[in-house]
Amino acid sequence: MNWSSLSLFTSKPLPLCKGKVSAGEITKVLLRKLPIGRIVVLQHRDIDEVIAQELIDHKVKAIINCRETMSGTYPTQGPLLLLQHNIPIWDADLSAFDILVTDSDIAIYEESIVCKEQVIACKAFKREDWLHLHQLANAQAEHLLDQFIENTLTYAIREKKAVMSPIPQPSLRTDLEGKHVMIVSRGKGYKKDLLAAKAFIQQVRPILIGVDGGADALMESGYQPHIIIGDMDSVTDQALYSGADLIVHAYTDGQAPGMARIVELGLHAQIFPCFGTSEDAALLLAFENRAEWLVTVGAHTHMIDFMEKGRGGMGSTLLVRMKIGARLVDIKSMELLYQPPSLHGKEAWMTVLLSLLFVGLALLQTRWIAKQISHVVGKLGGVE
């Protein structure tokens, strides 16, 4: 008998994953309207932690990346975070992106993807790959830091006049003068930071500024942004329709690509020409409008943050923070000062009760000691 002819032995291997595709050349734009449970096809070099967490939150089935998931240029935890949440990653050639279009049904095997009878080569990105590239990145960290500092100082020298000059201010409905302002970005750990900010927001009632997707972060946490500022590429339509003041961050020459989306949605926005990142622009907007304190949430502050944003330096950010000075604090510092009132109340009552208990015990002990002394003295004096 020719056993190899039986279907049991000639059946095709089962796919490791199958489902519908959502594809996006720009990941943060794709995430604005990404349905739950899709296989996402990206062109995202070096997946960072923030993007990884967004993909996890959208419960993606798998990721097909048509760029380097991790290049080994700098250490990033994004791919590892996805793998730890059992979200498989496959690397494919850039040409695959044109085949794997949104709403296609695909099946993924160990080394191939099947889409409309086309077979596309792919390679699984595994934990061993992450570990190897992470070690490679750490080995060249000193050289990378040296380049980053040089680039930062070069741009800081170029932009020092711009940061010290007055910046034309847009007309705002929201008054910032003398107010506490909280500026929310979708940087690493922003969800934890927003949770830490709860007591501060409840007690101080600050003006809330969302930097692009930071506006959605505020709304997801139950807060209404007063101002939304940015390139308008990662913020959702829902946030833009929230009624907040809309400020489009423009280049210093006045070009504002983000205004096209505002016009398309039938909304009105002010243009704010400003160097640097949208986060820098938000800080300068609050500072120039005489805000009292500027509190950041999810802010980008160190080299890896900026590497993940595709920047080789942070000249403008360094200058902006130097200009604002002591009026700028991060919510991580404020967390210790603003604990929930209920906790303070409980702690106070516990302190009072324990104090009363110790006082009572002390009085009883004093009375017992006095009685014993009286008894001894009575015996010595022959009273008893």
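In the predicted model, helix 12 (residues 278-288) packs with helix 14 (residues 315-324) at an angle of about 20 degrees, their axes lying 10 Å apart. Helix 12 is therefore roughly parallel to helix 14, a term applied to angles under 35 degrees. Their crossing is left-handed. Contact (heavy atoms within 4.5 Å) involves Glu279, Asp280, Leu283, Leu284, Phe287 and Glu288 of helix 12, and Ser316, Thr317, Val320, Arg321, Lys323 and Ile324 of helix 14. These residues comprise five nonpolar, two polar and five charged; Ala, Val, Leu, Ile, Met, Phe, Trp, Tyr, Cys and Pro count as nonpolar, Asp, Glu, Lys and Arg as charged, and the others, Gly among them, as polar. Helices are DSSP runs (H or I) of at least four residues, numbered from the N terminus.

Helix 14 also packs with helix 6 (residues 141-164), here at an angle of about 50 degrees and with the axes 7 Å apart. Thr152, Tyr155, Ala156, Glu159, Lys160, Val163 and Met164 of helix 6 meet Gly315, Ser316, Leu318, Leu319, Val320 and Lys323 of helix 14. Seven nonpolar, three polar and three charged residues make up this contact.

The second largest pocket has a volume of about 150 Å³. A pocket is an open set of points on a 1 Å grid, for a 1.4 Å probe, with protein on both sides within 12 Å along at least five of seven lines; lining residues have an atom within 4 Å of a point. Its lining consists of Glu49, Val50, Gln53, Leu81, Gly187, Lys188, Gly189, Tyr190, Lys191 and Lys192, with helix 3 (49-57) and helix 7 (190-196) each supplying at least two residues. Three lining residues are nonpolar, three polar and four charged.

Residues are numbered from 1 along each chain, and side-chain values use heavy atoms, without hydrogens or water. Local features of this predicted model need pLDDT of at least 70 and side-chain atom pairs count only at pLDDT 80 or more, whereas totals for chains, interfaces and linings use all residues.

Notes: Points joined across faces, edges and corners; volume = space filled by probe spheres on them. Axes fitted to C-alpha atoms, helices over the stretch in contact; angles between N-to-C directions. Parallel < 35°, antiparallel > 145°, perpendicular 65-115°, else oblique. Left-handed = near helix turned anticlockwise from the far one by under 90°.
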